[in-house]
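This briefing goes through selected side-chain contacts, strand pairing and surface features of one protein model. The points are grouped by topic.

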Amino acid sequence: MQLTKGFEQAACIIALLATQKRDVPLSSQMIHERIKGSQTYLQKIMRKLVVAGLITSVSGNSGGFSLAKDPKKITFLQIINATEGDIKTYPDLGFLDLVFKDFLPISHEATHVIGELFQEADKRWCEYLSKKTVHDIIRETFGNRQVKLVDWNNPDVTKNQEMTDLLKDIKY
């Protein structure tokens, strides 16, 4: 299974919001400027994240998006489920029965065995992804240093200072 670009973009949106000052919503325009791509497509992704309860939308002049919950409670499985749907890596399109139509009882059993194999693999992958939070990844990325929350709406956030200076030595 290969995750779509929608997942990667959703993960970037979540990462931006996880490092955004909590009392300042991040504008959809700024999300679009940072991620690039189709604004319509990004809006669809953000809608999926809102429906999944991972982010919230605030309307108005100073509106935008914020995390709906603490980054310690947002797992990668939740992001995948929001953007990709439930994980099912084996589609079972009936090819075994078609190819081995002269041996249907055996092809049915093979389909069942292969289906169980992938169900177990999916279960294990989901269990692992459900243990990895956005907070974990941010902490691992910054070597367990404390991360400063910034206002990504400010276009000077990366122009006037090095990002490493912005993101170190302040409690997250």
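A salt bridge here is a side-chain nitrogen of Lys or Arg within 4 Å of a carboxyl oxygen of Asp or Glu. Lys 132 and Glu 140 meet this criterion, with their closest N and O atoms 3.5 Å apart. The model is predicted, and a search of the whole structure returns 2 salt bridges.

**Salt bridges**

- In the bridge between Lys 132 and Glu 140, Lys 132 is partly exposed, because its relative accessible area is 23%.
- Helix α6 holds both Arg 124 and Glu 120, which are 4 residues apart, or about one turn of the helix.
- Arg 124 is exposed, since its relative accessibility is 57%, whereas Glu 120 is partly exposed at 33%.

**Aromatic rings and a charge over a ring**

- The structure contains 2 aromatic pairs.
- One of the pairs is formed by Tyr 90 and Phe 118, whose ring centres are 5.4 Å apart and whose planes are at 15 degrees, so the pair is stacked.
- This pair connects distant parts of the chain, as Tyr 90 is in the loop between α4 (76-84) and α5, Phe 118 is in helix α6, and the two are 28 residues apart.
- The relative accessible area of Phe 118 is 30%, so the residue is partly exposed.
- A charge sits over a ring where Lys 5 lies over the face of Tyr 41, at 5.2 Å from the ring centre.

**Strand pairing**

- Strand β1 (residues 55-58) pairs with strand β2 (residues 64-67) through 4 bridges, in the antiparallel sense.
- Ser 57 has Phe 65 of β2 as its bridge partner.
- For Thr 56, the bridge partner in β2 is Ser 66.

**Nonpolar surface patch**

- Which residues form the nonpolar patch on the surface? The members are Leu 93, Phe 95, Leu 98, Val 99, Phe 100, Phe 103 and Ile 106.
- Together, these residues have about 800 Å² of accessible area.
- Helix α5 (residues 95-99) supplies the largest share of the patch, with 3 residues.
- Phe 100, a member of the patch, is located in the loop between α5 and α6 (104-129).
- Phe 100 has 41% relative accessibility and so counts as partly exposed.

**His 135**

- Is His 135 buried or exposed? The residue counts as buried, because its relative accessibility is 12% and the cut-off for buried is under 20%.
- His 135 is placed in helix α7 (residues 134-141).
- The C-alpha atoms of His 135 and Lys 73 are 8.1 Å apart in space, while the two residues are 62 apart in sequence.

Terms used: Residues numbered from 1 in each chain as written. Predicted model: local features only at pLDDT ≥ 70, side-chain atom pairs only at ≥ 80, totals over all residues. Heavy atoms only, no water. Patch = residues over 30% accessible without salt bridge, like charges linked within 9 Å, V, L, I, M, F, W, Y side chains within 5 Å. Areas by Shrake-Rupley, 256 points an atom, 1.4 Å probe, with all protein chains shown as cover. Buried < 20%, exposed > 50% of the residue type's maximum accessible area, 1.4 Å probe, protein only. Pairing = 2+ DSSP bridges. Phe/Tyr/Trp six-rings, centres within 6.5 Å; stacked < 30°, edge-to-face > 60°. Lys NZ or Arg CZ within 6 Å of the ring centre and 35° of its normal.
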